[in-house]
Amino acid sequence: MNTALTIAGSDSSGGAGIQADLKTMTANGVYGMSAITALTAQNTTGVTGIMEVTPEFLGEQLDAVFSDIFPDAVKTGMVSSIELIRVIADRLTKYNARNIVVDPVMVATSGAKLISDDAIESLKEYLLPLATVITPNIPEAEVLSGMTITSEDDMVEAAKSIYESLGCAVLCKGGHQVNDANDLLYSADGPVWFKGKRIDNPNTHGTGCTLSSAIASNLAKGKTLEESVKAAKDYISGALAAMLDLGKGSGPLAHNYVFLQK
């Protein structure tokens, strides 16, 4: 069985973070493993507490995984500490990790920054250049490119700029008043659009985590980057279309919809 590792925070309500990643990996047919960067107390209405792990303990988790069951792909999620970012980059380099998918969680869809400017600079210096592909939303792509993005042409220009400056492929996620669920992959092969149909479902908690984990899962199985993105978008569409409705806020996706259909 192919294997994948998620490096991210824990979501106690199970909709995002480590829990969403592991569910996604299982549903996409790979064996999921985890290194936890932080514990959170959260549910569909918000986060009430965060307890970050120490850099030393994160390093021990990564050593334990890489020295025993080497992952065929790695996904990283939100990491807000400069020290943790450096530990992750150090271990990924030390073990020559492959098929690295980085979800550069920096800016909320509202435009609010989620991590400090110093942490963003550390991401750009240490972690993002190691990535096979990064998956920024529009606000994050604006931060990474230094551009304002208001059109599909802007998405292409910004993704090209990020690709050339960081040396990794870029999946610029649509939406955010730019287009209708269309994502742009920019790599050495140039721009490729993945058209999507927006699904009218208010329960979207953890979609970014789920997409990046699905991409990593498919890379782990030996699919090309384009094939992995296409399969991941199809999986997200199915998980949204299942219309799971849990919690009092923006609820989680139906990560197990593929099993429920059988």
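How many bridges join strand β5 to strand β6, and in which sense do the two strands run? Two bridges join them, and the strands run parallel. The model is predicted.

## The sheet

Strand β5 covers residues 100-102, and strand β6 covers residues 133-134. Within this pairing, valine 102 has isoleucine 134 of β6 as its bridge partner.

β5 and β6 belong to an open sheet of nine strands. The strand order is β3-β2-β1-β4-β5-β6-β7-β8-β9. The pairing is mixed. At the edges stand β3 (46-52) and β9 (190-194), each pairing on one side only. Strands of a sheet pair through backbone hydrogen bonds, either parallel or antiparallel.

Strand β1 spans residues 3-11. Nine of its nine residues are buried, so β1 is largely enclosed by the rest of the structure.

β1 pairs with strand β2 (residues 31-43) in the parallel sense, over eight bridges. Aspartate 11 stands opposite threonine 40 in β2. In a regular strand the side chains alternate between the two faces of the sheet.

## Helices across the sheet

Helix α6 takes in residues 152-166. It lies across β6, β7 (169-172), β8 (183-187) and β9. Its angle to β8 is about 35°.

Helix α8 is formed by residues 225-241. Like α6, helix α8 lies across β6, β7, β8 and β9. The angle given for α8 is to β9, at about 20°.

## Alanine 158 in helix α6

Alanine 158 sits in helix α6. Its relative accessibility is 0%, so alanine 158 counts as buried. Leaving aside residues up to four places away in sequence, alanine 158 touches Ser145, Met147 and Ile149.

Threonine 210 lies 52 residues from alanine 158 along the chain. The C-alpha atoms of these two residues are separated by 23 Å.

## Aromatic pairs

The structure holds four aromatic pairs. One of them joins phenylalanine 66 and phenylalanine 70. This pair is edge-to-face, with 5.3 Å centre to centre and 75° between the planes. Phenylalanine 66 is buried, at 4% relative accessibility. Phenylalanine 70 is partly exposed, with a relative accessible area of 26%.

Phenylalanine 66 also pairs with tyrosine 95. Here the rings are stacked, 4.9 Å centre to centre and 5° between the planes. Why does this pair tie together parts that are apart in sequence? Phenylalanine 66 lies in helix α2 (residues 55-66), while tyrosine 95 lies in the loop between α3 (82-94) and β5, so the pair links parts that are 29 residues apart in sequence. Tyrosine 95 counts as buried, because its relative accessibility of 19% falls under the 20% limit. Together, Phe66, Phe70 and Tyr95 form one aromatic cluster.

## A lysine over a tryptophan

Tryptophan 193 has a charged neighbour over its ring. Lysine 195 lies over the face of tryptophan 193, at 5.0 Å from the ring centre.

## Positive phi angles

Asparagine 99 has a phi near 50°, a positive value in a residue other than glycine. The loop between α3 and β5 holds asparagine 99. Asparagine 99 is partly exposed, at 23% relative accessibility.

Methionine 243 is not a glycine, yet its phi is positive, about 55°. Methionine 243 lies in the loop between α8 and α9 (257-260). Its relative accessible area is 43%, so methionine 243 is partly exposed.

## Cysteines

A disulfide is a covalent bond between the sulfur atoms of two cysteines. How many disulfides does the structure hold? It holds zero.

Cysteine 168 has its closest cysteine sulfur in cysteine 172, at 12 Å, which is too far for a bond. Cysteine 168 is buried, with a relative accessible area of 1%. For cysteine 209 the closest cysteine sulfur is likewise in cysteine 172. That distance is 18 Å, so it is too far for a bond. Cysteine 209 is buried, with a relative accessible area of 17%.

Conventions: Residues numbered from 1 in each chain as written. Predicted model: local features only at pLDDT ≥ 70, side-chain atom pairs only at ≥ 80, totals over all residues. Heavy atoms only, no water. Pairing = 2+ DSSP bridges. Helix = DSSP H or I, 4+ residues; strand = E, 2+ residues; numbered from the N terminus. Contact = heavy atoms within 4.5 Å. Axes fitted to C-alpha atoms, helices over the stretch in contact; angles between N-to-C directions. Phe/Tyr/Trp six-rings, centres within 6.5 Å; stacked < 30°, edge-to-face > 60°. Buried < 20%, exposed > 50% of the residue type's maximum accessible area, 1.4 Å probe, protein only. Lys NZ or Arg CZ within 6 Å of the ring centre and 35° of its normal. Disulfide = S-S within 2.5 Å.
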